[in-house]
Amino acid sequence: KMVVPLSKPVVIKKRTKKFLRHSSNKLKRLGSQQTWRKPHGIDSCVRRRFKSNMKMPKIGYGTNDAHRHILPSGFFKFPVSNVKDLEILLMHNRKYAAEITRSVSIRKRKAIVDRAAQLDVKVINGKARLKTQEKL
(Lines give C-alpha, C1' and ligand atoms only; values in the text may rest on other atoms or scores of the structure.)
Protein backbone atom coordinates (compact mmCIF):
# COMPACT_ATOMS: atom_id res chain seq x y z
CA LYS A 1 0.00 0.00 0.00
CA MET A 2 1.46 3.34 -1.10
CA VAL A 3 1.20 6.52 0.95
CA VAL A 4 -0.92 9.10 -0.88
CA PRO A 5 -0.44 12.84 -0.27
CA LEU A 6 -3.23 14.75 1.45
CA SER A 7 -3.60 17.09 -1.51
CA LYS A 8 -1.73 17.24 -4.78
CA PRO A 9 -2.11 20.79 -6.12
CA VAL A 10 -1.60 21.61 -9.77
CA VAL A 11 1.49 23.81 -9.78
CA ILE A 12 1.32 26.41 -12.54
CA LYS A 13 4.75 27.51 -13.66
CA LYS A 14 4.97 31.11 -14.82
CA ARG A 15 7.94 30.25 -17.03
CA THR A 16 9.37 26.87 -17.93
CA LYS A 17 12.13 27.99 -20.30
CA LYS A 18 15.56 28.58 -18.77
CA PHE A 19 17.01 32.08 -18.71
CA LEU A 20 19.96 32.10 -21.09
CA ARG A 21 23.05 34.25 -20.85
CA HIS A 22 23.10 37.04 -23.42
CA SER A 23 25.36 36.22 -26.42
CA SER A 24 26.24 32.81 -24.95
CA ASN A 25 25.73 31.24 -28.37
CA LYS A 26 28.60 33.37 -29.71
CA LEU A 27 31.08 32.37 -27.00
CA LYS A 28 32.70 29.03 -27.77
CA ARG A 29 34.40 28.81 -24.37
CA LEU A 30 31.01 28.53 -22.65
CA GLY A 31 30.08 25.47 -24.70
CA SER A 32 26.94 23.86 -23.33
CA GLN A 33 27.20 25.92 -20.12
CA GLN A 34 24.26 28.24 -20.70
CA THR A 35 23.91 29.61 -17.17
CA TRP A 36 22.38 32.99 -16.50
CA ARG A 37 24.64 36.00 -15.91
CA LYS A 38 23.24 39.50 -15.55
CA PRO A 39 24.37 41.84 -18.33
CA HIS A 40 26.26 44.87 -17.02
CA GLY A 41 27.16 46.63 -20.26
CA ILE A 42 26.57 50.36 -20.54
CA ASP A 43 24.65 50.02 -23.82
CA SER A 44 23.22 46.52 -23.27
CA CYS A 45 19.79 46.18 -24.83
CA VAL A 46 18.96 43.23 -22.56
CA ARG A 47 19.83 45.15 -19.38
CA ARG A 48 17.77 48.11 -20.60
CA ARG A 49 14.85 45.73 -21.35
CA PHE A 50 14.25 46.71 -24.95
CA LYS A 51 11.43 45.07 -26.90
CA SER A 52 12.06 41.68 -28.55
CA ASN A 53 15.14 40.97 -26.43
CA MET A 54 15.62 38.06 -24.05
CA LYS A 55 13.93 38.22 -20.68
CA MET A 56 15.82 38.67 -17.43
CA PRO A 57 14.91 36.78 -14.25
CA LYS A 58 12.92 38.80 -11.75
CA ILE A 59 10.92 38.21 -8.59
CA GLY A 60 7.61 37.97 -10.45
CA TYR A 61 8.62 34.60 -11.95
CA GLY A 62 8.79 33.04 -8.46
CA THR A 63 6.62 30.13 -7.38
CA ASN A 64 3.44 30.65 -5.39
CA ASP A 65 4.03 30.35 -1.61
CA ALA A 66 1.56 27.49 -1.27
CA HIS A 67 3.38 25.45 -3.93
CA ARG A 68 6.98 26.29 -3.07
CA HIS A 69 9.25 23.33 -2.17
CA ILE A 70 6.55 20.81 -3.13
CA LEU A 71 7.69 17.67 -4.96
CA PRO A 72 5.94 16.38 -8.10
CA SER A 73 4.52 13.57 -5.96
CA GLY A 74 2.71 16.15 -3.78
CA PHE A 75 4.89 15.74 -0.67
CA PHE A 76 7.30 18.10 1.05
CA LYS A 77 10.83 16.88 1.85
CA PHE A 78 11.82 16.22 5.45
CA PRO A 79 15.49 15.34 6.12
CA VAL A 80 15.93 12.24 8.29
CA SER A 81 19.27 11.17 9.73
CA ASN A 82 18.17 8.53 12.26
CA VAL A 83 15.18 6.37 13.23
CA LYS A 84 14.14 8.83 15.94
CA ASP A 85 13.57 11.57 13.33
CA LEU A 86 10.96 9.35 11.67
CA GLU A 87 8.76 9.50 14.77
CA ILE A 88 8.15 13.20 14.03
CA LEU A 89 6.49 12.25 10.74
CA LEU A 90 4.07 9.82 12.39
CA MET A 91 1.17 12.32 12.37
CA HIS A 92 2.29 14.11 9.19
CA ASN A 93 2.89 11.16 6.86
CA ARG A 94 0.40 12.48 4.27
CA LYS A 95 2.14 15.86 3.97
CA TYR A 96 5.87 15.15 4.38
CA ALA A 97 8.07 12.47 2.85
CA ALA A 98 11.31 11.43 4.52
CA GLU A 99 14.58 11.99 2.71
CA ILE A 100 17.55 10.14 4.20
CA THR A 101 20.52 12.50 4.49
CA ARG A 102 23.82 11.82 2.73
CA SER A 103 25.91 11.01 5.78
CA VAL A 104 23.78 8.05 6.95
CA SER A 105 25.46 4.64 6.73
CA ILE A 106 24.00 1.62 4.93
CA ARG A 107 23.12 -0.21 8.15
CA LYS A 108 21.17 2.76 9.55
CA ARG A 109 19.56 3.34 6.16
CA LYS A 110 18.06 -0.15 6.26
CA ALA A 111 16.76 0.47 9.78
CA ILE A 112 15.18 3.78 8.70
CA VAL A 113 13.51 2.20 5.65
CA ASP A 114 12.13 -0.69 7.75
CA ARG A 115 10.74 1.65 10.41
CA ALA A 116 9.25 3.94 7.74
CA ALA A 117 7.36 0.96 6.31
CA GLN A 118 5.91 0.25 9.76
CA LEU A 119 4.88 3.89 10.28
CA ASP A 120 3.52 4.18 6.72
CA VAL A 121 5.91 7.06 5.88
CA LYS A 122 7.12 7.56 2.32
CA VAL A 123 10.92 7.55 1.89
CA ILE A 124 12.09 9.38 -1.23
CA ASN A 125 15.57 7.85 -1.51
CA GLY A 126 14.95 4.55 0.26
CA LYS A 127 16.86 2.44 -2.26
CA ALA A 128 19.79 4.85 -2.58
CA ARG A 129 22.88 2.99 -1.32
CA LEU A 130 21.34 -0.42 -0.73
CA LYS A 131 21.91 -1.59 -4.31
CA THR A 132 25.67 -1.00 -4.30
CA GLN A 133 26.15 -2.95 -1.07
CA GLU A 134 24.30 -6.02 -2.36
CA LYS A 135 26.49 -6.25 -5.48
CA LEU A 136 29.68 -6.53 -3.40
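I began with Val113, which I found in helix α2, covering residues 106-119; helices here are DSSP runs of H or I with at least four residues, strands are runs of E with at least two, and both are numbered from the N terminus. Before going on I noted that this is a predicted model, in which local features need pLDDT of at least 70, side-chain atom pairs count only at pLDDT 80 or more, and totals for chains, interfaces and linings use all residues. I also noted that residues are numbered from 1 along each chain as its sequence is written, and that side-chain values use heavy atoms, with hydrogens and water left out.

Next I looked up the surroundings of Val113. With a relative accessible area of 24%, Val113 is partly exposed; buried means under 20%, exposed means over 50%, and partly exposed lies in between, using a 1.4 Å probe and protein chains only. Leaving aside residues up to four places away in sequence, I found that Val113 touches Ile100 and Gly126, where a contact means heavy atoms within 4.5 Å. I then checked Ala98, which is 15 residues from Val113 along the chain, and the C-alpha atoms of the two are separated by 9.6 Å.

I turned to backbone angles. Arg49 has a phi near 60°, which is a positive value in a residue other than glycine, and I located Arg49 in the segment before β1 (76-80). His69 also lies in the segment before β1, and its phi, near 70°, is positive in a residue other than glycine. I looked up accessibility for both: Arg49 is exposed at 62%, and His69 counts as exposed at 66%.

Finally I considered the whole protein chain, which has 3 helices and 2 strands, running β-α-β-α-α from the N terminus on. Its radius of gyration is 22 Å, well over the 14 Å that the globule rule gives for 136 residues, so the chain is more spread out than a compact globule; the radius is taken over C-alpha atoms, and the rule is 2.2 Å times the number of residues to the power 0.38. Along the principal axes, the C-alpha atoms fill a box of roughly 60 × 40 × 20 Å. I recorded that 24% of the 136 residues count as buried. Among contacts with a separation of 6 or more, I found that 47% are between residues 24 or more positions apart.
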